[in-house]
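Q: Can you walk me through reading a structure like this one, step by step?

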Amino acid sequence: MQCADAVGRLENIQKLAAPWLNSLKVHAAALPLAEFTGVIGSLRGARFGRDSAWRTMSTFGALVNIAILRSPALSSVGALDSQFDWAHKFYHTNNWFAIAPAHSLMN
């Protein structure tokens, strides 16, 4: 099973109602920061865990979060709507709405 089979095809996304499409855009903008924070936390657990079982599970947790971050599920919809492309680049801009949560969660 490929990723496109699990999340749907581009034609399915084009058929969504506007409220669902907008919530998908918000999800695409918010998810990477949370997953990145999960990767950092898991890697700290992998480095500083007291037991080898803790370190092993933290390593696996980091790998899962990295796999979610690298998922191509929403990369193909950038051609569908420019707002998806904006959501993908959201945390790499100087937009105040992106900077505030990034600094509050990372510090």
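This is a predicted model: local features need pLDDT of at least 70, side-chain atom pairs count only at pLDDT 80 or more; totals for chains, interfaces and linings use all residues.

Q: What share of the residues of the protein chain counts as buried?
A: Burial is read per residue, then totalled. Of the 107 residues in the protein chain, 20% count as buried.

Q: Among contacts between residues at least 6 apart in sequence, what share joins residues at least 24 apart?
A: Sequence separation is the thing to read here. The share in the protein chain is 64%.

Q: Where do the axes of H3 and H4 come, and at what angle do they cross?
A: For a helix pair, read distance and angle together. Helix H3 spans residues 18-48, and helix H4 spans residues 52-69. Their axes come within 8 Å and cross at roughly 160°. H3 is therefore roughly antiparallel to H4, as angles over 145 degrees count that way.

Q: Is the crossing of H3 and H4 left-handed or right-handed?
A: Handedness is a separate reading from the angle. H3 passes H4 in a left-handed crossing.

Q: Which residues of H3 meet which residues of H4?
A: List each side in turn. From H3 come Leu 31, Pro 32, Glu 35, Phe 36, Gly 38, Val 39, Ser 42, Leu 43, Gly 45 and Ala 46. From H4 come Arg 55, Ser 58, Thr 59, Gly 61, Ala 62, Asn 65, Ile 66, Ile 68 and Leu 69.

Q: How do the residues of that contact divide into nonpolar, polar and charged?
A: Sort them by class. The contact of H3 with H4 holds 10 nonpolar, 7 polar and 2 charged residues.

Q: Is Glu 35 buried or exposed?
A: Compare relative accessibility with the cut-off. Glu 35 lies in helix H3. Its relative accessibility is 14%, so Glu 35 counts as buried; the cut-off is under 20%. Beyond residues up to four places away in sequence, Glu 35 touches Asn 65, Ile 68 and Leu 69. The C-alpha atoms of Glu 35 and Ile 68 are separated by 7.5 Å. Along the chain, Glu 35 and Ile 68 are 33 residues apart.

Q: What is Asn 65 in contact with?
A: Now read from the other helix. Asn 65 is found in helix H4. Leaving aside neighbours within four places in sequence, Asn 65 contacts Glu 35, Gly 38, Val 39 and Ser 42. Asn 65 counts as buried because its relative accessibility is 15%.

Q: What does Ser 42 touch?
A: Apply the reading once more. Ser 42 sits in helix H3 and is buried, with a relative accessible area of 16%. Not counting residues up to four places away in sequence, Ser 42 touches Ser 58, Gly 61, Ala 62 and Asn 65.

Q: What does Ile 40 count as?
A: Ile 40 lies in helix H3. At 30% relative accessibility, Ile 40 counts as partly exposed. The C-alpha atoms of Ile 40 and Ala 62 are separated by 7.6 Å. Along the chain, Ile 40 and Ala 62 are 22 residues apart.

Methods: Residues are numbered from 1 along each chain as its sequence is written. Side-chain values use heavy atoms; hydrogens and water are left out. Axes are lines fitted to C-alpha atoms, for helices over the stretch in contact, and angles run from 0 to 180 degrees between N-to-C directions. Helices (H or I, at least four residues) and strands (E, at least two) are DSSP runs, numbered from the N terminus. Angles under 35 degrees count as roughly parallel, over 145 as roughly antiparallel, 65 to 115 as roughly perpendicular and the rest as oblique. A crossing is left-handed if the near helix is turned anticlockwise from the far one by less than a right angle, and right-handed if clockwise. Contact means heavy atoms within 4.5 Å. Ala, Val, Leu, Ile, Met, Phe, Trp, Tyr, Cys and Pro count as nonpolar, Asp, Glu, Lys and Arg as charged, and the others, Gly among them, as polar. Buried means under 20% relative accessible area, exposed over 50%, partly exposed in between (1.4 Å probe, protein chains only).
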